[in-house]
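Load the model in your viewer and keep the selection panel at hand. The stops below follow one after another.

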Amino acid sequence: DYSPWLAFSDGSLALYTGQFELLGAATGDEILALEGNLGAWEGEQGTLGVRVLTDQPMLLDGSMYTGEVETWTRGEGDYVMIGDTPLEEGESYIGVIDDALPAQIADSLDADLNGIFGGYEEAFGYTLPEKVTLYFAFGGFDHPGFSFSGSVIGSNLIVMNVSGEVLRDYPSAIREHILWFFAHEGAHVFQGVEGAMPGLGGDSWIHEGSANTMATQILMRTGVAAPSYQLSELNRALDERAAGLAEGPLTSLAGQVHYACGDLIFTMAATSLEHSDVYDIWRAFQAAVAENEGEGFDTALVVSVFEEMGVKPDTLEAIEAVLYEPLSDPRAELVAGLVTSGLTHHFNDAGQVTDFQTP
């Protein structure tokens, strides 16, 4: 879920207006039937107007306001920045960076993001029309471990909030984690440059899963992560999230299972194609959406593109099983699907994958 607000150390606040949006239902039973999955809601969502009144300066969509500001959104919302925190501009972004953010994070942030976005420009084959807008808040060191949240709003706003005792030392694993997040959200910014993004609900595996795949690859391309990082992410996807498929086909589910299972699906598809990668696949999606004149960017379109690009029949069958069929042993069937795509595999005594290599 989007963070309802980002609190900055100097008292500034980024307020998310989308938290006030409403969906209509005729009865309480209709709401209960959703079982918490808003992606399953059907209806015409109304436009929401939010007016923010304050004696502090406000920033919205790169423009400054005083006194009041109004936003009008439908289905997503905006972040209104309230307070005196100044805008910063680097080579890779323009935005508001918490002045209490630990120096070891802040000092390398612009270079890190420049490397990620530069890698995406090369991989996608196009540049962003404008710099990414970034709101980066810091919640202090007052709890053990590490916590973070964030998302992309609209076409190019990335928001993030981090906190926790472990940030005092900023170990390499935490740096990887933070930059993986920026790489994931940055992938969404590039995905939306040309062509529509897919919908929510059962189709969210498309953009979330592919962004996971892209984020892992870009961290390896830029030298942030070692080759073993891809292997650890693959095992995490298989162990932690793929088990969710025991509840039903992917297109019938909601939540984090879409990220991991979508990642595995795009790994299968891209590996199955000898001369194409995940970025080639995304550009094929964009072309298909343009050709269909906006008829929809959904699971059916993606499967048809996989087939047209030449994904191996056995691999395509494995992908469709994940999407549309209940699996009795999801982990084993996902591994089998990966093997059909051409990945070699080895296991240790604990059943973990120890080696995956493209042919």
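Two strands count as paired if DSSP finds at least two bridges between them. With that in mind, select G49: its bridge partner in β4 is W72. The model is predicted.

**Colour by confidence**

Begin with pLDDT. The protein chain has a mean of 88, and 95% of its residues reach 70 or more. Confidence is lowest in strand β12, residues 353-357, where the mean is 70. Helix α9, residues 313-324, has the highest, at 96.

**First sheet**

Select residues 48-60 and 63-73. These are strands β3 and β4, paired in the antiparallel sense over ten bridges. Zoom in on the turn of this hairpin. Two residues lie between β3 and β4. D61, in the turn, has a positive phi of about 55°.

β3 pairs with β5 in the antiparallel sense over two bridges. Here L59 stands opposite M81 of β5.

Next, show residues 5-7 and 13-16. Three bridges join β1 to β2, and the two run antiparallel. Pick W5 to see one of the pairs: its bridge partner in β2 is L15.

Zoom out. In what order do the five strands of this open sheet lie? The order is β1-β2-β5-β3-β4, with antiparallel pairing. β1 and β4 are the edge strands, each pairing on one side only. On average, neighbouring strands of this sheet are turned by 20° against each other, direction ignored.

**Loop stop: E35**

Go to the loop between α1 (28-33) and β3, where E35 lies. Its phi is near 55°, a positive value in a residue other than glycine. Is E35 buried or exposed? The relative accessible area of E35 is 72%, so this residue is exposed.

Move on to another open sheet of five strands. Its order is β6-β7-β8-β10-β9, and the pairing is mixed. At the edges stand β6 (88-89) and β9 (147-153); each has a single partner strand, so one side of each is left without a neighbour in the sheet.

Select β9 together with residues 157-163, strand β10. Seven bridges pair them in the antiparallel sense. G150 stands opposite M160 in β10.

Now bring in the helices. α2, residues 103-124, packs on the sheet and touches β7 (93-97), β8 (132-138) and β10. The direction of α2 makes about 145° with that of β8. Helix α3, residues 172-191, lies across β8, β9 and β10. It runs at about 165° to β10.

**Loop stop: Y170**

Between β10 and α3, pick Y170 in the loop. Y170 has a positive phi near 50°, and is a residue other than glycine. The cut-off for buried is under 20% relative accessible area. Y170 is at 11%, so it counts as buried.

Select S210 in helix α4, residues 205-221. S210 has 0% relative accessibility, so it counts as buried. Which residues is S210 in contact with, leaving aside its neighbours within four places in sequence? They are Q191, W205, F266, V278 and W282.

Last, take helix α6, residues 257-272. Its 16 residues reach 22 Å from the first C-alpha to the last, close to the 22 Å expected at 1.5 Å a residue. 15 of the 16 residues of α6 are buried, so the helix is largely enclosed by the rest of the structure.

Methods:
Residues numbered from 1 in each chain as written. Predicted model: local features only at pLDDT ≥ 70, side-chain atom pairs only at ≥ 80, totals over all residues. Heavy atoms only, no water. Helix = DSSP H or I, 4+ residues; strand = E, 2+ residues; numbered from the N terminus. Axes fitted to C-alpha atoms, helices over the stretch in contact; angles between N-to-C directions. pLDDT = per-residue confidence, 0-100. Expected span 1.5 Å × (residues − 1). Buried < 20%, exposed > 50% of the residue type's maximum accessible area, 1.4 Å probe, protein only. Contact = heavy atoms within 4.5 Å.
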